[in-house]
Amino acid sequence: MPQYSVILPTYNERDNLPLIIWLLNKAFTDAELDWEVVIVEDSSPDGTIEVAKQLQDMYSSERIKILERPPKSGLGTAYIDGLKKASGEFIFLMDADLSHHPKFIPDFIAKQQEGDFDVVSGSRYIDGGGVHGWDFRRKLTSRVANFLAQTLLTPRASDLTGSFRLYKRAVLEKIMEAVISRGYVFQMDVLG
């Protein structure tokens, strides 16, 4: 059983998927960690599933698991369904669009071990955080959503809409049972 599972929802990620999988392999292999990736594929019209299957052939079905779902079934349910297929003791949630760089995975793991934390969350809105490749509209949407969440919910997290996180499996399972939302607001519900 792998120690770490990465749940990677995809929709039209044909071009990004080989690179993100290579980067994940490098990060985990360099750190000598046991890992798997669960690709949750929502019937992308760009042929993402074919690329996922090629990657599974290259890396093995033990490293790359694929869950095919109906078109655009929702981000929240992608994580819920992916968790059912994941077998790791610790679960990473991240995007396949390269907005989360796997080189930070060892930092997440070190932080988790430092305090035996249940959750470690990446943030775009702290020193050293940021985004790459986003257009102005996406950055603005993220900032406004986080501002509203910070104002209305007063959480203790600086980035409620980000999805680069590490969870203890048992903790994530409990959270998933309680969360009601299934779309992008799912990210806020999980930490809120």
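1. Over residues 148–155 the pLDDT stays under 50, and the model has eleven contacts for this stretch beyond four places in sequence. Here pLDDT is the predictor's confidence in each residue, from 0 to 100, and contact means heavy atoms within 4.5 Å. Residues 182–192 also stay under 50, with 39 contacts beyond four places in sequence. For the chain, the mean pLDDT is 81, and 71% of residues reach 70 or more.

2. The model is predicted: local features need pLDDT of at least 70, side-chain atom pairs count only at pLDDT 80 or more, and totals for chains, interfaces and linings use all residues. Residues are numbered from 1 along each chain as its sequence is written, and side-chain values use heavy atoms, with hydrogens and water left out.

3. Helix α1 (residues 17–30) packs on helix α2 (residues 48–59) at about 30°, their axes 10 Å apart. α1 is therefore roughly parallel to α2 (angles under 35 degrees count as roughly parallel, over 145 as roughly antiparallel, 65 to 115 as roughly perpendicular and the rest as oblique). Axes are lines fitted to C-alpha atoms, for helices over the stretch in contact, and angles run from 0 to 180 degrees between N-to-C directions. Helices (H or I, at least four residues) and strands (E, at least two) are DSSP runs, numbered from the N terminus.

4. On the α1 side, Leu17, Pro18, Ile21, Trp22 and Asn25 meet Thr48, Val51, Ala52, Leu55 and Tyr59 of α2. Eight of the residues in this contact are nonpolar, two are polar and none is charged.

5. Helix α3 (residues 75–85) and helix α6 (residues 169–178) pack at about 135°, with axes 11 Å apart; they are therefore oblique to each other. Tyr79, Ile80 and Leu83 of α3 make the contact with Arg169, Leu172, Glu173 and Met176 of α6. These residues divide into five nonpolar, no polar and two charged.

6. The whole structure holds eight aromatic pairs (rings of Phe, Tyr and Trp, its six-membered ring, with centres within 6.5 Å; planes under 30 degrees apart are stacked, over 60 edge-to-face and the rest tilted). Phe92 and Phe164 have ring centres 6.5 Å apart and planes at 40°, so the pair is tilted. Phe92 lies in strand β4 (residues 90–93) and Phe164 in the loop between α5 (136–153) and β6 (165–168), 72 residues apart.

Conventions
Ala, Val, Leu, Ile, Met, Phe, Trp, Tyr, Cys and Pro count as nonpolar, Asp, Glu, Lys and Arg as charged, and the others, Gly among them, as polar.
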